[in-house]
Protein chains: 4
Amino acid sequence: MSIEPRIPTSIAEVDEHTITIRGHDLITEMMGVMSFTEAALLNILGRRPSEAEVALTDLVTVCLMEHGMMPANIVARLTYFGAPESLQGAVASGLCGVGSVRLGAVEECSHLLQDGMSRAIAAGDDHETAARSIVAEQRAAGRRIPGIGHMLHTTEDPRTLRLFEVAEQWGHGGRHIGLLQAISAEAEATLGRRLPINADGAAGAVLSNLGIDWRITRGFALIARTAGLVGHLYEEMRTPASPALLQRIEAGLDYQPNPD
Amino acid sequence: MSIEPRIPTSIAEVDEHTITIRGHDLITEMMGVMSFTEAALLNILGRRPSEAEVALTDLVTVCLMEHGMMPANIVARLTYFGAPESLQGAVASGLCGVGSVRLGAVEECSHLLQDGMSRAIAAGDDHETAARSIVAEQRAAGRRIPGIGHMLHTTEDPRTLRLFEVAEQWGHGGRHIGLLQAISAEAEATLGRRLPINADGAAGAVLSNLGIDWRITRGFALIARTAGLVGHLYEEMRTPASPALLQRIEAGLDYQPNPD
Amino acid sequence: MSIEPRIPTSIAEVDEHTITIRGHDLITEMMGVMSFTEAALLNILGRRPSEAEVALTDLVTVCLMEHGMMPANIVARLTYFGAPESLQGAVASGLCGVGSVRLGAVEECSHLLQDGMSRAIAAGDDHETAARSIVAEQRAAGRRIPGIGHMLHTTEDPRTLRLFEVAEQWGHGGRHIGLLQAISAEAEATLGRRLPINADGAAGAVLSNLGIDWRITRGFALIARTAGLVGHLYEEMRTPASPALLQRIEAGLDYQPNPD
Amino acid sequence: MSIEPRIPTSIAEVDEHTITIRGHDLITEMMGVMSFTEAALLNILGRRPSEAEVALTDLVTVCLMEHGMMPANIVARLTYFGAPESLQGAVASGLCGVGSVRLGAVEECSHLLQDGMSRAIAAGDDHETAARSIVAEQRAAGRRIPGIGHMLHTTEDPRTLRLFEVAEQWGHGGRHIGLLQAISAEAEATLGRRLPINADGAAGAVLSNLGIDWRITRGFALIARTAGLVGHLYEEMRTPASPALLQRIEAGLDYQPNPD
């Protein structure tokens, strides 16, 4: 009936006695059987993942989980400081910043790589040729190339090499990784400075090699970062950093009434 | 110096070439070595977890990850419908509802169990005696007892039995689980109706048996739910449920201008 | 010193006895003197607004405040249902959906109009000529034209006419409003169907006529919508809609295990 | 029908040609007629507010809008730094911290005052007697008394006097304000230190004198703060504070691997 349409879903069916997720019984086929990562992939992809997919998703999420007192962690701590009644609100506030600039850039890079790879295959181009087109297009459009360059890890992001090494071990090297390496080399040649592949970009290349749709790659960064945020919030409960953070900020304020 | 205090943290140290998390080198000791769950526990607890801790955390997070078209999933889908540019905002909006009533109740139940257990041990009480005090106190204060009763799983929550079974297999049965079973039995006897232990409560008992501080137990629900939300959002991208959801709600509106 | 840079701000200066906002004393020049809207504009724009700016900002925010059981309101109600301990989390979850598709489209439309107007002025084009270029470009890029068309108000959005009428009364008609009218007419002619200016678009044109930077126009939608969300949450506290909402959704679910 | 229940609401009714809010036509009775604050009160309270209610709500929201580089503002700026594609996410993250400790304390104080006033009236107690009971109860329960004391405004919060002065001018002095003054005096006498009424507390007393249900008082803080956050985010777009903030925090980190 037109005013009461059916709501489509293929994720889960729940009744009083059974819970079925993607066709698998939660109680007998998942709980106590699958790891978090295996269950997450089943949930997201709609099929049981291979051993390699689980291993490389573990690799990527372990890589993106924690990177010190980063903006998202500071955000969550300050939110908790004002609203300790809501751990979920503190985590949510931290996740809001996992966007195009930080961490969420895994999506932008995956998008670039997956689109670039499709076009390269269609055109019969090798990685170097494809990379030249991609870098030229991004520059012509005035856009930053996602996945390369890092403020701190200026010459080499130590996570990148490890991501590629383990991907190779599981038979998922090359392809989007190769294309990203070519993009990094082409960008360095064109722009005349070091632009190493950063962890967000490398993670995007590994997820792309697993066939993960670029539109959901940021989701893996969010899963990883949630665990990192919980760690920071538990520390904040016991050893609050917020008072010192706020005092340092307060001490550095430079109020100028009229720059607008 | 008083205006420039030091900011304490023991989670991670990052410099240009190395990333150390809880004393472990991210590149050589974690990536490609640890599973997501092992790394998350290291991050949160500040020490490498045992095999049993990893297995039971997997158990709990797999259990809490997905339960169909629940409020948090609907919330995330509708947020994405209005703001598809921000996957992180959609996940964050869903997490905001993981509170005291739904899912986040793992915290309330862990709190009750950990406090109750401390007092029982101090007083030399057995589970039944402790449960009588706890139920009487909650009733006297007019508070709902967290962790028991479920709208759908009215006679037995199928997840509860499985959580307890696997906990037992790993040598983490009894204790907070026993106390929660005694509370459920006492509440049923006192209130004269079926009040089975629900999955939130059972998860709280298992995490309590692992020694996880009740203040951070909701964090595990948040980690699990983030994976569930990503699954729902990926489905929403490809097979949107929001239009049908909104149409059904629209069709059911009963506007009455003056009930206030 | 390079490692301790100064943090620039020109918004407020607070010490033990005085609070100065954009050069105005909060106690003597703002509280009891300015309306919410006047103070908000001072805060955002960095200068005292004119009477017309206050009136038209009131107009726009009153217009965008409330539009029934829309997605953002449903989101906030369901979040509150799960986490009643956090009103702020419920409001935050609702705001996360004020994005490019719904309500937040005021930004997309303002952007289009402000860019289009700059180019038209530089080229000496009239509204019709500028509109032809804009519609052609959006179509060539495969982009939807923001600010026109509405699912419910298909022939005329009643808010649009009123927004333009009051803007005219205050001497802020024409200009971006004229350009948007030309865009709507051109799009209708080109696409052969009714595409009336919607409230988001009209609000964007009015704010653009006030000289409000398009990058912050969505902020006015957020302010307006926060008031609307608080209204819905107060109703939800006293007359919960969530149980009925969830029951209707549950009744409509169509679980199909394998469409992926 | 039981599986398709009606969804109750008395806020708004929208059809193709008309939008009715709380019984008022949006186009003819609200837009261009009501200020933001008047419309917000109509929306929330379900009735047109008096002139005094509008004036005092303006007073309270102007008071709570902006207080410098506070945690919520820092949070929103850092979120924007990572995710500039989502202004709504940055505002939402800032609002998540408007909780029980900061700003949101308007709710805790209103709750205390409204409950205390009901009991005082029932018992025939004057403010001083009621204040003695309230302070004694809070201390016995080990709870902080909300609405008094401030880290920066240690001897007097300049906003408090002004809030009370304007409330008095509009005929809404005394009552909850008197009770809060008695509580502050009693707490100072009992605890032997200065505990002046802070702006959150004073705002709660003024809103309570208007008959605003304590459960929704935090909503007014959220509305006010949204405007403040938009101001900070617009400054962040043009004169980013985040890089300097992060550099100062980075410079202050004191990593100690094993305090847990």
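**Salt bridges, whole structure.** I started by searching every chain of this predicted model, and the count came to 52 salt bridges over all chains. I then picked a few to look at one by one.

**A pair in chain A.** I looked up A:Glu165 and found it bridged to A:Arg162, with the closest N and O atoms 2.6 Å apart. Both sit in helix α8 of chain A, and because they are 3 residues apart there, about one helical turn separates them. A:Arg162 is buried, at 14%.

**A pair in chain D.** Next I checked D:Glu236 and D:Arg77, whose side chains meet in a salt bridge at 2.7 Å, N to O. D:Glu236 is in helix α11 and D:Arg77 in helix α4, so this pair ties together parts that are 159 residues apart in sequence. I wrote down 3% relative accessible area for D:Glu236, which is buried. D:Arg77 is buried too, at 0%.

D:Arg218 forms a salt bridge with D:Glu108, and the closest N and O atoms are 3.1 Å apart. D:Arg218 is buried at 1%, while D:Glu108 is partly exposed at 26%. I followed these two further and found them in a network of salt bridges with A:Glu85 and D:Glu107.

**Chain D against chain B.** How many salt bridges are there between chain D and chain B? I got 0. Polar contacts do turn up, though: 14 residue pairs across this interface. The contact takes 31 residues from chain D and 31 from chain B, and the buried area is about 2400 Å², with carbon and sulfur atoms giving 44% of it. On the chain D side, D:Arg6, D:Ile7 and D:Tyr255 lose the most area to chain B, together 27% of what that side buries. By class, that side has 13 nonpolar, 10 polar and 8 charged residues.

**Chain A overall.** Last, I counted 12 helices and 5 strands in chain A. Of its 260 residues, 64% are buried. Its C-alpha atoms fill a box of roughly 65 × 60 × 45 Å along the principal axes.

Notes: Residues are numbered from 1 along each chain as its sequence is written. Chains are lettered from A and ligands numbered from 1 in the order in which they are written. This is a predicted model: local features need pLDDT of at least 70, side-chain atom pairs count only at pLDDT 80 or more; totals for chains, interfaces and linings use all residues. Side-chain values use heavy atoms; hydrogens and water are left out. Contact means heavy atoms within 4.5 Å. Buried area is the accessible area (1.4 Å probe) that two parts lose on being put together, summed over both. A salt bridge is a side-chain nitrogen of Lys or Arg within 4 Å of a carboxyl oxygen of Asp or Glu. A polar contact is a pair of N or O atoms within 3.5 Å; within protein, one must be able to donate a hydrogen and the other to accept it, and residues adjacent in sequence count only if both atoms are side-chain atoms. Ala, Val, Leu, Ile, Met, Phe, Trp, Tyr, Cys and Pro count as nonpolar, Asp, Glu, Lys and Arg as charged, and the others, Gly among them, as polar. Helices (H or I, at least four residues) and strands (E, at least two) are DSSP runs, numbered from the N terminus. Buried means under 20% relative accessible area, exposed over 50%, partly exposed in between (1.4 Å probe, protein chains only).
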